[in-house]
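Please find below a colleague's note on the structure under review. It is set out as numbered points for reading beside the model.

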Amino acid sequence: MLRDKLLIVQTSTGPPLAHMDSEKPRWKDLFARSSQLFKEHKLDESLQYVSKAIKLGADKANVFDLRADIYEQKGEFKQALVDAKNVIKLAPSSPQGYWRSARLFKKLGSLDRSMTMANLALEKLSPSNSRYPILRPEIDKLLATIGLEMEEKQKTISRQTCHVANLPFELLAITFELVTDVDSAFPVLASHVCRHWRQVALNHAVLWRTLVLSNRKPEKKAEVWGVRSNSVVDALIIKASMPRSSFEKIVARLLPSMKKWPPKKIQISDLSNPHLQLKQLSSSLGDAFDPLEIKLSGMDARMEFQYPSINNLMPPGSRRTLLHLEEMKIRELPLLSKGVRTLVLSNIWVAIGLDGGAIVNYLTETPDLEHLVLGIHSSISVVAHTPSNLTLTRLQYLQISSSSTCSDILPFLGLPSLKILHLFSIPGTQLRQHLFQLNQSINLPSPSLQELRIRGCSLMDGDLIKIIALYGKELEVLEASSMSSGINSLVQAMAGRAKEGLDVGGTLCPSVRELVLNNSPDLTGLSIKDLVKSRESVINLDQGSTSAWPTPITRLSIDGCPRVESALLPWLRGKIPRLSCIYETASAIRKTRRLA
């Protein structure tokens, strides 16, 4: 009985002490065998032995580190990471577990955690450690590699991320508005990019207030634009291909809202009878237009077409009108109203003969002009007109192009507020005298001209310099392009080295910041270099300040000037913030090749 109880007690308390002593060396033997197999690259067998050792109670850091190493060699990084964490738990002061974890996290793509573990490994690695000479360079190399990969990853994310989508609704809507001002079709494109852009585009009515009508479902488009713009149309643009029947239906549909919020711009291009449409709008909308912008282009009046009076087209109460007529053949110039502030007559062919006096008399109907562009071609006038002097007190911009008849008006104009004068491709020998006479009206009571552009005009060498000297006191922008001669003399005069006999009153155009000398075959690099040097800021040693007289050149354009040496360009780029020097355009190169 007592013996049986002793046997029961012995069995219930576990194996005999001698048996437990025999278990301990067994896992050590298994670990040693696993290590040997690992050195022989027998990973599967080595994994079996080390796993058995761990099951038998091996709780040493080096045992788990061996199995983590085996898993890492086999490409099983997640299992290896589990054992590496056990290594850290069993030996927290040793760098081995952190070092292996850093490598494994990098292989798993977790760069942030990899960098954290690598930094912890450096903290635990002391110079007294026997493996310090080996581990320290490897850890430093890993950290450098992680830094480069994180930077490249950030660049990739930045390229693939739509940062615009993170903008608030208001900012993105304002951005869309700026683009729509340039391209009225942008809202349609924006609504097809993504859900967020579509939501912003469709819910911002301002984007849809420019209505362009053509032959592509104009009635349907007017309906959709009316809904999206909340029935407010700021600009109505009618293309040539739109059917007349559609126009009448669209006007009837938009009329109620246009009476409340009349469009600020109406543009009709290449229609056979545009005055009928404008009359219909004018009679319907009354005097609501202010300002009204009308642009007509591309119409041909070779038959019996006579352009109507603008007074009949516009509402009588309109105070401000912007009228653009371009690329047209008409019988006679249209009548103007006193409300015209901008008048553009560009490349207009008039059947009835005109002279300078007739044009001056024509402009007397627009005393409040602010912007005037004249490019009128006509036959020689049979009747000579004797105009009276005309003072346009508000005119700030004047451009005359391709017409000696238009330049004949200059002696009769008084332009006390003129700031910008453009003269393009004007033939004839009277231009010099006309400009001298015009100068008297511009410089009273004080000089005001800030921009002068002369391009392709017939002027002699000395005349060009004398004319620019008259207007150059306050000039900030000067262009003298496509001139037959005298360009080097002009540049030397601007550098303070005028030829003998040319009195320009010191340095020519001392305030010029922007200079354009394109298509000047005689222009030399030496002249340009002298000019740039003479315009460099000069330090006043007495007062310790920088003199602003003359003003340095900040923008220089010398396109089509073959005598300017290419070796000079690096020096010029270092001196001038904005430099353009194109020897030959791509189209000219292709043309030369075709001729060859």
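The points below move from the chain as a whole to its cysteines and salt bridges.

1. The model is predicted. Its protein chain contains 23 helices and 18 strands. Of the 596 residues, 44% count as buried. The accessible surface of the chain amounts to about 32100 Å², and carbon and sulfur atoms contribute 52% of that area.

2. Among contacts in the protein chain with a separation of 6 or more, 67% are between residues 24 or more positions apart.

3. The structure has zero disulfides. Cys194 is partly exposed, at a relative accessible area of 29%, while Cys457 is buried, at 5%.

4. There are 18 salt bridges in the structure. One of them pairs Arg100 with Glu72, with an N to O distance of 2.7 Å. Arg100 belongs to helix H6 (residues 96–107) and Glu72 to helix H4 (residues 61–74), so this pair ties together parts that are 28 residues apart in sequence. Arg100 and Glu72 are both buried. They also take part in a network of salt bridges that links them with Asp65, Asp69, Arg103 and Lys107.

5. A further salt bridge joins Asp530 and Arg497 at 3.2 Å, N to O. Asp530 sits in helix H21 (residues 525–534), and Arg497 in the loop between helix H20 (487–494) and strand E14 (514–516); the two are 33 residues apart, and the pair links distant parts of the chain. Asp530 is buried, with a relative accessible area of 14%.

6. Lys42 and Glu40 also form a salt bridge, their closest N and O atoms lying 3.5 Å apart. Lys42 is partly exposed at 40% relative accessible area, and Glu40 is partly exposed at 36%.

Terms used: Residues are numbered from 1 along each chain as its sequence is written. This is a predicted model: local features need pLDDT of at least 70, side-chain atom pairs count only at pLDDT 80 or more; totals for chains, interfaces and linings use all residues. Side-chain values use heavy atoms; hydrogens and water are left out. Helices (H or I, at least four residues) and strands (E, at least two) are DSSP runs, numbered from the N terminus. Buried means under 20% relative accessible area, exposed over 50%, partly exposed in between (1.4 Å probe, protein chains only). Contact means heavy atoms within 4.5 Å. Accessible areas come from the Shrake-Rupley method with a 1.4 Å probe; for residues, only the protein chains shown count as cover. A disulfide is a pair of cysteine sulfur atoms within 2.5 Å. A salt bridge is a side-chain nitrogen of Lys or Arg within 4 Å of a carboxyl oxygen of Asp or Glu.
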